[in-house]
Amino acid sequence: MASKRIITLEKLLEGVEFELLQGELSTEIVDVAYDSRKVTEGFLFVAIAGTIVDGHKFIGGVIEQGAKAIVVEKNIDEIKANYSVEIPSDIAVIKVDNGRAALSLISQNYFDHPMKKMISIGITGTKGKSTTTYLIKNILEQTGKTCGIIGTIGVAIGDKVTPIEHTTPESYDLQSYIADIAEAGCDYFVMEVSSQGVKMDRVAGMIFDYGIFTNITPDHIGENEHEDFNDYLRCKAALFDRCHVGIFNADDPHTAGIIRNAHCLVKTYGIWGQGSGEDATTADITDEQYLAGCEEYTGKRDLMAVDVSHVNEKDVLAMKFGLRGLVNGEALVGLPGLFNVYNALCAVTVGALIGVDDGKILKAIRQVEVRGRVEAVPTGRDFSVLIDFAHNGVSTESVLKTLRGYNPHRLIAIFGCGGNRSKLRRYEMGEAVGKLADYAVVTSDNPRKEAFADIVEDIKVGLSKTDLDYTVIEDRMEAVAYAVAHAESGDMIVLLGKGHEEYQEIQGVKHHYSEREAVAAALEGLQD
């Protein structure tokens with residue numbers, strides 16, 4: 001856990017635009033909280049007027065708990081009138097326009113700007129963020145350096161992974177995690193910068209050494225998320241106002257617009273033929289052809305993949321390709337699918353710009369394993385089992401198309417959809433499975449406080465647009481056992497939606513559940 005320290009209010013507010021309504025800036029603060037339940041003697045409490053809960057209504061309580069200072073978004077008279085709260089004159093009250101942004105800056109000051117003690121890499125995009133962070137980590141660790149990760153899979157320091165609730169945590173927690181990584185002696189840290197993290201000012205004031213854009217497709221649009229795709233895109237693009245070097249997937253159609261408005265040095269990567277109109281498997285490319293094929297969007301791509309092919313060996317699915325540009329040579333990434341070629345290109349670009357030797361880069365991407373991201377589970381059988389976090393229509397379609405590239409005898413999908421989430425996601429995921437799988441088992445996936453039967457009915461709306469044969473088994477352990485028991489030679493079974501998660505959330509309670517344990521139990525139950 002990150003070290004705590006006593007710090008004056010004046011030091012905490014460095015870089016924050018504020019108005020001191022009462023009290024002294026010399027007040028000493030022992031810690032900071034945005035959750036009133038965590039306030040004790042000597043704390044600074046940041047009251048945030050959120051969309052669901054207004055932190056100002058807890059001011060009276062935090063004063064009784066010993067808070068010495070309060071950051072507010074409202075005037076004292078308004079707080080007194082609306083919340084029937086008297087604020088003693090010895091309590092420092094600081095007014096700001098945006099409590100969330102202020103919390104981020106205050107948290108960075110409290111933890112003594114931990115990201116400045118390392119080389120920082122922020123990555124944004126709809127797909128590929130988690131995989132790319134681990135590819136980057138593998139590359140950097142080939143040099144003998146250490147790298148921490150913050151993202152969907154959790155906070156990773158060395159071999160220890162601590163689960164977290166949000167991809168980009170609330171700013172105080174985020175700075176605490178970054179401080180943990182710095183105090184562990186890491187030379188680098190890589191984090192996923194989610195659009196919600198930007199929208200909610202969780203990364204306000206943070207400047208990255210490197211920023212990465214993988215791709216973007218509509219996602220997280222709806223109530224309490226993004227109002228439309230433009231808002232989603234704007235939040236993704238904001239990373240490139242707060243980094244020194246921007247690394248972009250030149251083959252994404254939205255890259256051109258982001259680059260035009262970016263305030264950073266631009267570097268790009270891509271696959272030969274994906275943006276140039278040429279055959280992606282062209283064997284020999286001259287320098288003239290290379291330059292001509294790289295002009296779209298940003299001019300010459302800094303790194304390009306050529307001769308992309310699939311590798312299918314027992315319990316191993318991989319991609320092979322050549323590299324031209326920042327790194328030259330023959331590469332193999334130990335993960336399946338064209339999208340993992342893009343993820344590898346991104347990580348290779350980072351490694352090359354940081355100065356990692358080509359040989360070490362190529363070795364690192366060959367050996368990578370990413371939990372819950374098209375993760376192959378050894379079966380010792382003549383069929384394959386894979387685990388992936390895909391939990392919407394776009395990512396499901398991407399994964400299933402990828403596995404189709406390996407020509408399975410049958411592609412069997414096990415999937416469900418989360419409760420208390422968009423119905424549209426269920427329709428789209430059902431339709432994607434219906435179009436691309438040969439058989440499906442519809443099962444439970446974090447139904448939360450919604451009835452499983454209601455979720456299934458929504459999934460069936462998408463499935464009904466296809467003629468896919470499927471069965472419904474609510475218990476996910478039983479669903480996995482059923483699919484494994486009926487597997488045929490050459491089949492691929494893909495478990496969608498859970499990925500790295502090791503729980504099922506039912507009626508507000510998280511119950512232990514592991515895809516790996518479910519597969520192991522199913523394999524053990526097979527008759528030889």
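Which strands form the open sheet that begins with E19, and in what order do they stand?

Author: Welcome! Please keep in mind that this is a predicted model. The open sheet you ask about is formed by six strands, in the order E19-E20-E24-E21-E22-E23, and the pairing is mixed. At the edges stand E19 and strand E23 (470-472), each with a single partner strand, so one side of each has no neighbour in the sheet. From one strand to the next, the twist averages 20°.

Let us look inside this sheet. Strand E21 (residues 411-415) pairs with E24 in the parallel sense, and four bridges connect them. For an example, take Ala 413, whose bridge partner in E24 is Val 494. As a general rule, strands of a sheet pair through backbone hydrogen bonds, either parallel or antiparallel.

H17 touches E19, E20 and E24, and its direction makes about 165° with that of E20. This helix covers residues 515-524, and its buried residues are Glu 515, Arg 516, Ala 518, Val 519, Ala 522 and Leu 523. Viewed down the axis of H17, these buried residues fall within an arc of 160°, so they line one face of the helix.

Tyr 439 has a relative accessible area of 16%, and it is buried because buried means under 20%. Apart from its neighbours within four places in sequence, Tyr 439 is in contact with Leu 411, Ile 412 and Ala 413, with Leu 468, Asp 469, Tyr 470 and Thr 471, and with Tyr 482. For a sense of distance, the C-alpha atom of Tyr 439 is separated by 21 Å from that of Pro 378, and these two residues are 61 residues apart along the chain.

For context, here is another sheet. Eleven strands form an open sheet in the order E11-E10-E9-E12-E8-E13-E14-E15-E16-E17-E18, and here too the pairing is mixed. Its edges are E11 and strand E18 (329-333), each with a single partner strand, so one side of each is left without a neighbour in the sheet. The twist averages 20° from one strand to the next.

Strand E11 (residues 160-162) and E10 pair in the antiparallel sense over three bridges. Ala 156 has Val 161 as its bridge partner in E11, while Val 155 has Thr 162. E10 and E11 form a hairpin with two residues between them, and Gly 158 in the turn has a positive phi of about 65°. Strand E10 (residues 154-157) is also joined to strand E9 (residues 147-151) by three bridges, and these two run antiparallel. Here Ile 150 stands opposite Val 155 in E10. E9 and E10 form a hairpin as well, with two residues between them.

Helix H11 (residues 338-354) lies across several of them, including strand E8 (119-124), strand E12 (188-192) and strand E15 (265-271), and runs at about 145° to E15. Helix H12 (residues 358-366) lies across E17 and E18, running at about 25° to E18.

Finally, a word on the cysteines. The structure holds zero disulfides. Cys 147 is in none, and the nearest cysteine sulfur, that of Cys 186, is 6.9 Å away. Cys 147 is buried, with a relative accessible area of 1%. Cys 243 is in no disulfide either, with its nearest cysteine sulfur, that of Cys 264, 3.9 Å away. Cys 243 also counts as buried, at 6% relative accessibility.

How values were computed: Residues numbered from 1 in each chain as written. Predicted model: local features only at pLDDT ≥ 70, side-chain atom pairs only at ≥ 80, totals over all residues. Heavy atoms only, no water. Disulfide = S-S within 2.5 Å. Buried < 20%, exposed > 50% of the residue type's maximum accessible area, 1.4 Å probe, protein only. Arc of directions from axis to C-beta. Pairing = 2+ DSSP bridges. Axes fitted to C-alpha atoms, helices over the stretch in contact; angles between N-to-C directions. Contact = heavy atoms within 4.5 Å.
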